[in-house]
Amino acid sequence: MIKQYFIVDLNSDYKKLMDYKEMKNLLIETIQEDLLMNSGEYEIVKDCSDELIKMAKEDFTNVKWITDLLESYSYKTIDLLDFQRDLEDLKQYFEKDYFIGAFNEILNKINSEVNKHE
């Protein structure tokens, strides 16, 4: 199963489901834009270059590092599998006293999205 992430740009209406490779490409594009927009600022250029070099040298860049860096560019990253597990836990808690149909509906939609990309 390919892990899916829901990416939200907190500064716009941009929202998209992505896998690891797409998320890494988004980060590379974002760093490249930052680099070009700030080409006259040595420290920013150096930081951006260091980040791009780190990713280029690694076979697998740590997901946490990518999500943290995306967060610094105002992107929120939601791991759908973690979110799914959290909803299952909440569902189990609330099923004692509440109608849980809404949880089932949301979980089914998440499952169908995650399973599309297998």
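This is a predicted model: local features need pLDDT of at least 70, side-chain atom pairs count only at pLDDT 80 or more; totals for chains, interfaces and linings use all residues.
Along the sequence, Asn104 and Lys91 are 13 residues apart. In space, their C-alpha atoms are 8.1 Å apart.

## The sheet

Now for the strands. Three of them make an open sheet in the order β2-β1-β3, and the pairing is antiparallel. The edges are taken by β2 (15–18) and β3 (75–79), each of which pairs on one side only. On average, neighbouring strands here are turned by 20 degrees against each other, direction ignored. As a reminder, strands of a sheet pair through backbone hydrogen bonds.

Take the β1–β3 pairing to begin with: five bridges join β1 (residues 5–9) to β3. Ile7 has Thr77 as its bridge partner in β3. Between β1 and β2 there are four bridges, again antiparallel, and Phe6 finds its bridge partner in Leu17 of β2. β1 and β2 also form a hairpin, with five residues between them.

## Two nonpolar cores

Ile7 turns up again in the largest nonpolar core, which has 16 residues. Along with Met23, Leu27, Ile31, Leu70 and Tyr73, Ile7 touches the most other members. Strand β1 and helices α1 (20–37), α2 (42–57) and α3 (63–72) each supply at least two residues. The most comes from α1, which gives six.

Apart from this core lies another one, made of eight residues, including Leu81, Ile100, Leu107 and Ile110.

What does Tyr73 touch, not counting residues up to four places away in sequence? The list is Leu27, Thr30, Ile31, Asp34, Cys48 and Glu51.

## Helix α3, side by side

Helix α3 has a buried set made up of Ile66, Thr67, Leu69 and Leu70. These residues lie on the same side of α3 because they cover an arc of only 165 degrees around the axis.

What do the buried residues of α3 pack against? They pack against α1, α2 and β3.

Just after α3, Ser74 takes a positive phi of about 70 degrees.

## The loop between α1 and α2

Asn38 lies in the loop that runs between α1 and α2. Its side chain and that of Asp34 are joined by a polar contact of 2.6 Å. Asp34 is also one of the residues that Tyr73 touches.

Leaving aside neighbours within four places in sequence, Asn38 is in contact with Ile44 and Val45.

Notes
Residues are numbered from 1 along each chain as its sequence is written. Side-chain values use heavy atoms; hydrogens and water are left out. Two strands pair if DSSP finds at least two bridges between them. Axes are lines fitted to C-alpha atoms, for helices over the stretch in contact, and angles run from 0 to 180 degrees between N-to-C directions. A nonpolar core is a set of buried Ala, Val, Leu, Ile, Met, Phe, Trp, Tyr and Cys residues joined through side-chain atoms within 4.5 Å. Buried means under 20% relative accessible area, exposed over 50%, partly exposed in between (1.4 Å probe, protein chains only). Contact means heavy atoms within 4.5 Å. The arc is that of the directions from the helix axis to the C-beta atoms. A polar contact is a pair of N or O atoms within 3.5 Å; within protein, one must be able to donate a hydrogen and the other to accept it, and residues adjacent in sequence count only if both atoms are side-chain atoms.
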